[in-house]
Structures are given as structure tokens and as C-alpha cells.
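Reader: I would like to go through this structure one question at a time. Please show it before we start.

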Amino acid sequence: MKHSRIGYLLAFMMFSLLPCFAHHMAVVVNKDNNVGEISSAHLAKILRLEVKKWRDDKDVILVLHRNSSGETITLERLNKMSSSELKSFIAAHQGSITTVDSDEDVLKVVQTMPGAVGLVDVRSINDQVNVVRVDGKLPMEDGYLPH
């Protein structure tokens, strides 16, 4: 009995020392979108609605969460905006941004809309969307997205 308690304690300590990946985001696009890689500078332009078309001339459809701390942190750092600047930007562009409640909802929109792009927690990625490399990196690799 004593050994199992020590084992649980050691396991808890090891997992509590691991970094928290709760805000590691992945850029996802529709399966028909052939964009496999993008620079962080170009992604920032897409997220600021400065780029409105993909290379294949499909309209970019930006899908964001109504409330996601991981996404907010990523958007602030990638776009070099403060929290209030980001909120103001999103409020000013409500008609150009599709907002949803969850990663599941982001994935559903991205799956069904050929030009859609969104950010989801890496744990939500499924095989119904394509994950985009950013600056040559995949999610969870150092330098993928600012977090």
C-alpha cells in the first residue's frame, strides 16, 4: 500500500513538472486547400484580413473562437497587438470573421468551407483538416507559433 502511494506521488510530481501545452495551437485549413506551409508574416496578414484570397483564388474565411485564451495569446503575439487592440480589431471586423464556440466548431467550419482557416488546440486536430506548417515547423516544434 505504501509503495503504491509513493508511485502515485512520483507520477503526479513528474506530470506536474511537464510543460503545459494547453495553449499550443495549430493552424488548420480545409482538406481541399493545398497550402502546406506558410510564413508567420503571411499568416499574420491573413489573420489581420490583409490577405483575402488563397493562391488558388478561393476566398480566405477566417474562423476564430469567441473565447479561447490560447488563441488570444497566439493572435496577440503573432499580430503584435495588445489584448485591447485585438478585441477592438475583432469587433471592427465581425462581418469578416466567422466566430464559433469551440475547437469542434472550428473544425466543422474548416471541414465544410474550402477557404476556411482556423486555429485549434493541438489536441483537437483530426484527419478531416490539413495542418499547416508555419515557418517550416509543425505544431509542438519549437518556433511553430508564438505562445
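Reader: How far is strand 5 enclosed by the rest of the structure?

Author: This is a predicted model, and burial here means under 20% relative accessible area. Six of the six residues of strand 5 are buried. Strand 5 is therefore largely enclosed by the rest of the structure.

Reader: Which residues of strand 5 point one way, and which the other way?

Author: In a regular strand, side chains alternate between the two faces of the sheet. In strand 5, Ala116, Gly118 and Val120 point one way, and all of these are buried. The other way point the residues that are likewise buried, namely Val117, Leu119 and Asp121.

Reader: In which sense do strand 3 and strand 5 pair, and which residue is the bridge partner of Leu62?

Author: Strands of a sheet pair through backbone hydrogen bonds, either parallel or antiparallel. Strand 3 (residues 61-65) and strand 5 (residues 116-121) are joined over three bridges, in the parallel sense. For Leu62, the bridge partner in strand 5 is Val117.

Reader: Strand 1 also pairs with strand 5; which residue of strand 5 is the bridge partner of Val27?

Author: Strand 1 and strand 5 run antiparallel, with five bridges between them. The partner of Val27 in strand 5 is Leu119.

Reader: How do helix 2 and helix 3 stand to each other, roughly parallel or roughly perpendicular?

Author: Helix 2 (residues 40-47) packs on helix 3 with the axes 9 Å apart, at an angle of about 115°. Angles from 65 to 115 degrees count as roughly perpendicular. The two helices are therefore roughly perpendicular.

Reader: What is the handedness of that crossing, and which residues of helix 3 make the contact?

Author: The crossing of helix 2 and helix 3 is left-handed. Helix 2 contributes Ser40, Leu43, Ala44 and Leu47 to the contact. From helix 3 come Leu75, Leu78 and Asn79.

Reader: How far apart in space are Ala41 and Asn79?

Author: Ala41 belongs to helix 2 and counts as partly exposed because its relative accessibility is 49%. In sequence, Ala41 and Asn79 are 38 residues apart. From C-alpha to C-alpha, the distance is 8.7 Å.

Reader: Where does Lys80 lie, and what is its phi?

Author: Lys80 lies in the loop between helix 3 and helix 4, just after helix 3. It counts as exposed, since its relative accessibility is 72% and the cut-off is over 50%. Lys80 is a residue other than glycine with a positive phi, near 55°.

Reader: And what is phi of Met140?

Author: Met140 is in the segment after strand 7 (133-134). With a relative accessible area of 39%, Met140 is partly exposed. Its phi is positive, in a residue other than glycine, and near 80°.

Reader: What percentage of the residues of the protein count as buried?

Author: The accessible surface comes to about 8800 Å², and carbon and sulfur atoms hold 55% of it. Of the 147 residues, the buried ones make up 37%.

Terms used. Residues are numbered from 1 along each chain as its sequence is written. This is a predicted model: local features need pLDDT of at least 70, side-chain atom pairs count only at pLDDT 80 or more; totals for chains, interfaces and linings use all residues. Side-chain values use heavy atoms; hydrogens and water are left out. Buried means under 20% relative accessible area, exposed over 50%, partly exposed in between (1.4 Å probe, protein chains only). Accessible areas come from the Shrake-Rupley method with a 1.4 Å probe; for residues, only the protein chains shown count as cover. Two strands pair if DSSP finds at least two bridges between them. Helices (H or I, at least four residues) and strands (E, at least two) are DSSP runs, numbered from the N terminus. Axes are lines fitted to C-alpha atoms, for helices over the stretch in contact, and angles run from 0 to 180 degrees between N-to-C directions. Angles under 35 degrees count as roughly parallel, over 145 as roughly antiparallel, 65 to 115 as roughly perpendicular and the rest as oblique. A crossing is left-handed if the near helix is turned anticlockwise from the far one by less than a right angle, and right-handed if clockwise. Contact means heavy atoms within 4.5 Å.
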